[in-house]
Amino acid sequence: MVDVELSQLPFTLLDEEGRDYVRRGVDLAYFDRDEIILETGQSGESVFLIHRGEVAEIDPTLPASSARIGHYTAGDLFGAISILNGKSRYRFQAEQESLCYIMPKALFMQLCRHYPDFENFFKQTLSHKTRLLTEKRAESGVTMAGFMLAKVSECMREPLLIEASADIASAVAQLNESHADSLLVKTQGKHGMVTKTDLLNGLVLGKCTKATPVEEVAHFSLVTVTPHQYLFEALVLMTRHKVARVVVMEQETLKGVVELTDVLSYFSSRSYVVSLQIEQANDLDALATASRRTPELVNALMAQGVKLRFAMDLLAALNGRIMSKAWAFTVDEAHHNDSCMMVMGSEGRGEQILKTDQDNGLILADDSQWPDVAEQMQTLTDTLIQLGYPPCPGNIMVSNPEWVGTVSQWKKNIVKWASARDGDSLMKLAILLDAHAVGGNPALLESVREELFERCSRDELLLSYFARTALRFSTPLTLFGSLKKPQHGIDIKKGGIFPIVHGVRTMALERRIKATSTLDRLDALATDGRLDRRFADDLGEALALFTELRLKQQLQELDGASEKRTNRVVVQELSSLERDLLREAMHIVKDFKQRLSHRYHLEYS
């Protein structure tokens, strides 16, 4: 029996008996430098697992300068696709003396027959493979991962209904009898909701009596979900909309209600503790205490295998609530309706996991009267610093008068920036395009965004200048298509994240897509037909992989009490599967950049 390491995918898809079959059935083979291990067109007879050495994957149909399309090192596996397809599409050649474990075709096919997940691994797209990687990392966090897959239907109450014409006394009696906190109010064509708090406010603070119809104290702007949505999504919506319950609808049919208390009793974890601490914070010190716990929450979510998009949604919602509360603590309520605080950059896109520099601005209604706005915005910036959001090195903050203005002033800025088309102006247009309202009146931001679309979406020359920035940084692939491996690591932000984010942002600007998150923009572009759905999904998975690898590195630095936030990932420290996924994701980025170049005529610039 050969002592071969089988702790990596795809061998983790086998049970112990299957891995024993592998150990008993493989052999070792030596290949000299430049020796061809598997030739193009050759029938696949073995699967090769590299123990030591390096092997190149070569496409002989391409020019010599670009024929080397893959690079395999210790722990990497090749030859399986040649067996499944009947023959090898490419040539595999040793680049140095190499020692490989060899699995005979008969053994490989036997494993495929008995272990469908093992066979499917070799047929998966990037999105499937990254899901497998997430599941593998989640092996020690099944409880949290299981919760992330729980559906709303598993945690909803039967709806309690009351007629809109029923009086408050009847509503109180029904609530007491059912031990509930809310009732759904039936009216023609739609539903409303009345809570114990609504009834109490109506009786004590309003002009209601016990005989007043409940429809006078009910509210009819409901947050809804479907029974098939993830329970996690319901929690995000509660956090984002500042509500304690959501209504479950299937098409036009009422199915139930999900209460925050139900979610908390269904599962208890740090995420809800932090969420509740934020909601219950009544002063700046309490809010700062809750805010400081978000890195702990990120660590817990990632360690337990939560899918990155879920984690980003939750953190974006929590950060939004922290900033909204900071706004409420700082700004007099009299100014809330005629002003809007917006966050930009990664925070605006909802893609900030760990707190980074502030990127925010303020929009004022044209008729607003706020003489001490500069003083209050400086206080707000100082407050956010206290909450863990460092000042922006570029001074893109509400404390900078350049990022405070009326709706008309912002629209004039857009006209000026769109006409200038220089690097600084394009950067300002880009970050404004990502803006998301966190305090005040969001309609003011929507008015400014409409001007941005109107001025820029049909300007082909501007779009060309705008898109060119996505090609600014080179993709960290060698001429032969393998990953570069500098000792100090590759810059995953410049090489992978930024080209996707900015390229998708450019296309969203052209198509007047209002979504600000890159993943939501990709969904919209695929729905719009601007991007093929499969390619859009691959871009999303590539972005998630880059973000997760960077986050993993940054969390390690936090554990080491380092103040720096690096974007560098050392390829040599990644697992075999991570290297394979990273190489494939970088090729997707390269393809995307070529598409951008063609669409916006960048090859001629």
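## Reading the features

Author: Start with D181, which is partly exposed at a relative accessible area of 30%. Keep in mind that this is a predicted model.

Reader: Which residue forms a salt bridge with D181?

Author: The general idea comes first. Side chains of opposite charge can pair when their charged atoms come close. Here D181 pairs with K196, and the closest N and O atoms are 3.8 Å apart. K196 is partly exposed, with a relative accessible area of 39%.

Reader: Where do D181 and K196 lie?

Author: D181 sits in the loop between α7 (168-178) and β10 (182-187), while K196 belongs to helix α8. The pair therefore ties together parts that are 15 residues apart in sequence.

Reader: How many salt bridges are found in the whole structure?

Author: The search finds 30. One of them links the side chains of K255 and E250, at 3.8 Å from N to O. K255 is partly exposed, at 32% relative accessible area. E250 is partly exposed too, at 29%.

Reader: What about E451 and R455: how many residues apart are they in helix α19?

Author: They are four residues apart, about one turn of the helix. Helix α19 covers residues 442-456. E451 and R455 form a salt bridge, with their closest N and O atoms 2.9 Å apart. E451 is buried, at 16% relative accessible area. R455 is partly exposed, at 44%. Elsewhere, salt bridges with shared partners join R349, E351, D434, R505 and R521 into one network.

Reader: Which residues does R321 contact, leaving aside neighbours within four places in sequence?

Author: Those contacts are T239, K242, I278 and E279.

Reader: And V204: buried or exposed?

Author: V204 counts as exposed because its relative accessibility is 58%. V204 is found in helix α8, residues 196-204. V204 also belongs to a nonpolar surface patch with L200, L203 and L205. Together these four have about 410 Å² of accessible area.

Reader: Helices next. Which residues of helix α1 are buried?

Author: Helix α1 spans residues 16-25, and G18, R19, V22 and R23 are buried there. Look down the axis of α1. The buried residues fall within an arc of 145°, so they line one face of the helix.

Reader: What covers the buried residues of α1?

Author: The cover includes β8 (98-104) and α3 (105-114).

Reader: Which residue caps the N-terminal end of α1?

Author: D15 does. A side-chain oxygen of D15 lies 3.2 Å from the backbone nitrogen of E17.

Reader: Last topic: sequence and space. How many residues apart in sequence are L577 and G75?

Author: They are 502 residues apart in sequence. In space, their C-alpha atoms are 8.8 Å apart.

Reader: Where does L577 lie, and is L577 buried or exposed?

Author: L577 lies in helix α24, residues 576-599. L577 is buried, with a relative accessible area of 6%.

Terms used:
Residues are numbered from 1 along each chain as its sequence is written. This is a predicted model: local features need pLDDT of at least 70, side-chain atom pairs count only at pLDDT 80 or more; totals for chains, interfaces and linings use all residues. Side-chain values use heavy atoms; hydrogens and water are left out. Patches are made of residues with over 30% relative accessible area and no salt bridge: like charges are joined within 9 Å, nonpolar side chains (Val, Leu, Ile, Met, Phe, Trp, Tyr) within 5 Å. Accessible areas come from the Shrake-Rupley method with a 1.4 Å probe; for residues, only the protein chains shown count as cover. Helices (H or I, at least four residues) and strands (E, at least two) are DSSP runs, numbered from the N terminus. Buried means under 20% relative accessible area, exposed over 50%, partly exposed in between (1.4 Å probe, protein chains only). Contact means heavy atoms within 4.5 Å. The arc is that of the directions from the helix axis to the C-beta atoms. A polar contact is a pair of N or O atoms within 3.5 Å; within protein, one must be able to donate a hydrogen and the other to accept it, and residues adjacent in sequence count only if both atoms are side-chain atoms.
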